[in-house]
Amino acid sequence: YTSGSVHTKRKHLFQYGMFEISARLPKGKGVWPAFWLLGVDPRTGSVAWPRTGELDILEMIGGEVEDSTAHGTIHTTDENGNHISQGSQMVLDSGTFNDAFHTFGVIWTETEVYWYVDDIIYFYADMTDPNYDKAFNTYEAYIIINLAIGGSWAGTPAPTTEFPARYY
């Protein structure tokens with residue numbers, strides 16, 4: 001299988017704003033479309049994950065139930081350097097994210113981040129929390145849009161997963 005991505009690393013960095021994508025996602029076990037922001041250390045120009053922070057605006061791991069579930073997560077480290085993450089999910093009332101285009105996004109400010117799907121807010125992070133403030137009010141981030149196939153979370157594609165998988 002081949003996975004693919006596009007990103008703004010070494011092209012454009014962001015700190016705060018509204019980030020959204022209108023997308024129709026692939027379906028089936030083992031597909032893992034994502035839209036996310038990854039923090040960069042300005043002194044080195046490199047990622048020091050998770051210390052520099054990660055905002056997963058959209059992750060969907062394909063499968064029977066998962067084809068209708070969008071995940072949003074925040075990653076960073078605590079004062080001892082331990083990985084911490086917090087997240088939530090939004091499940092469609094009917095159908096899958098492959099049936100139609102949906103809008104996935106975050107609004108990121110100095111004090112808060114809101115995650116939404118189709119204008120429905122489903123998750124909030126308080127950026128005044130010292131753990132989040134340290135990463136997200138210090139480092140800029142670049143955008144990544146990718147479709148991974150397989151992986152530790154998505155698992156191996158099932159025989160019924162259709163290929164080529166399309167992330168529109």
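How much accessible surface does the protein have, and what share of it belongs to carbon and sulfur atoms? The accessible surface comes to about 8,500 Å² (Shrake-Rupley method, 1.4 Å probe). Of this, 50% belongs to carbon and sulfur atoms.

## The model

This is a predicted model, where local features need pLDDT of at least 70, side-chain atom pairs count only at pLDDT 80 or more, and totals for chains, interfaces and linings use all residues. Residues are numbered from 1 along each chain as its sequence is written, and side-chain values use heavy atoms, without hydrogens and water.

## Overall build

The protein has one helix and 10 strands. These are DSSP runs: H or I of at least four residues for helices, E of at least two for strands. From the N terminus, the order is β-β-β-β-β-β-β-β-β-α-β.

The C-alpha trace spans about 45 × 30 × 30 Å along its principal axes.

## Aromatic pairs

Rings of Phe, Tyr and Trp (its six-membered ring) pair if their centres lie within 6.5 Å; planes under 30 degrees apart count as stacked, over 60 as edge-to-face and the rest as tilted. The count comes to nine aromatic pairs. In one of them, the rings of W108 and F136 have centres 6.2 Å apart and planes at 90 degrees, so the pair is edge-to-face. W108 lies in strand β7 (residues 102–108) and F136 in helix α1 (residues 130–136), so the pair ties together parts 28 residues apart in sequence. Both W108 and F136 are buried.

The rings of W115 and F123 have centres 4.5 Å apart and planes at 45 degrees, so this pair is tilted. W115 is buried, at 0% relative accessible area. F123 is buried too, at 7%.

Key: Buried means under 20% relative accessible area, exposed over 50%, partly exposed in between (1.4 Å probe, protein chains only).
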